[in-house]
Amino acid sequence: MASDAPDAAMVAEARVWIEAVTGSPLANPDDLHASLMDGVALCQLINAIAPGSVKKINESKMVFKQRENVSNYLKACRAFGQREFELFGTGDLFEGTGMRQVVTQIHSLGRTVQDKLPDFEPKLGIKVTKGEKH
């Protein structure tokens with residue numbers, strides 16, 4: 001296992017959460033990188049949490065449009081309240097070199113959702129209690 005490979009359980013939890021929140025199965029459930037690389041599922045995820053966060057999701061197979069989706073997702077996560085150090089770089093996902101950071105960011109988003117929208121379901125990770133710092 002590569003040193004940057006994310007924990008398999010965290011990957012599985014992230015995949016299940018994304019599918020549950022968006023209501024759609026990922027394109028390649030056995031390969032999170034391949035499923036998220038074009039940014040479409042990520043944009044759908046943040047829009048399901050905070051409607052209208054990403055105004056236009058590019059369905060194009062053109063690389064720059066896919067990278068734009070990932071960038072728009074990250075901007076929406078910032079606007080939602082995720083801190084800069086919790087985010088991954090577009091290249092981490094697009095090149096597949098930082099999947100640990102990608103999975104960690106998704107889990108961090110789950111905690112941010114619990115903090116900002118305590119009644120939002122489904123939850124990702126350990127339930128955050130009111131007043132708990134993460």
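## Confidence of the model

Within the protein, confidence is lowest in helix α5 (residues 90–94), with a mean of 92, and highest in helix α3 (residues 40–49), at 98. These values are pLDDT, the predictor's confidence in each residue on a scale from 0 to 100. The protein averages a pLDDT of 92, and 93% of the residues score at least 70. Helices here are DSSP runs (H or I, at least four residues), numbered from the N terminus.

This is a predicted model, in which local features need pLDDT of at least 70 and side-chain atom pairs count only at pLDDT 80 or more, while totals for chains, interfaces and linings use all residues. Residues are numbered from 1 along each chain as its sequence is written, and side-chain values use heavy atoms, with hydrogens and water left out.

## The nonpolar core

A nonpolar core is a set of buried Ala, Val, Leu, Ile, Met, Phe, Trp, Tyr and Cys residues joined through side-chain atoms within 4.5 Å. Buried means under 20% relative accessible area, exposed means over 50%, and partly exposed lies in between (1.4 Å probe, protein chains only). The largest such core has 32 residues, of which W17, L36, I49, Y73, I106 and L109 touch the most other members. Two or more residues each come from α1 (8–22), α2 (32–36), α3, α4 (63–80) and α6 (99–116). In soluble globular proteins, nonpolar side chains tend to be buried together.

Leaving aside residues up to four places away in sequence, W17 touches L45, I49, I106, L109, G110, V113, P122, K123 and L124; contact means heavy atoms within 4.5 Å.

## Helix α6

Helix α6 has 18 residues and reaches 25 Å from its first C-alpha to its last, close to the 26 Å expected at 1.5 Å a residue. That expected span is 1.5 Å times one less than the number of residues. Among the buried residues of α6 are M99, V102, I106, L109 and V113. The buried residues of this helix pack against α1, α2, α3, α4 and α5.

## Cysteines

A disulfide is a pair of cysteine sulfur atoms within 2.5 Å, and by this rule the count comes to zero. The sulfur of C43 lies 9.2 Å from the closest cysteine sulfur, in C77, which is too far for a bond. C77 is accordingly in no disulfide. C43 counts as buried, at 0% relative accessibility, and C77 is buried at 0% as well.

## Salt bridges

A search of the whole structure finds six salt bridges, each being a side-chain nitrogen of Lys or Arg within 4 Å of a carboxyl oxygen of Asp or Glu. One of them joins the side chains of E68 and K65 (3.9 Å, N to O). Both residues lie in helix α4, three residues apart, about one turn of the helix. An α-helix has 3.6 residues a turn, so residues three or four places apart point the same way. E68 is partly exposed at 33%, and K65 is partly exposed at 24%.

R67 forms a salt bridge with E95, the closest N and O atoms being 3.2 Å apart. This pair links distant parts of the chain, with R67 in helix α4 and E95 in the loop between α5 and α6, 28 residues apart. R67 is partly exposed, with a relative accessible area of 30%. Another salt bridge joins E86 and R83 (2.9 Å, N to O); E86 is buried at 10%, whereas R83 is partly exposed at 35%.
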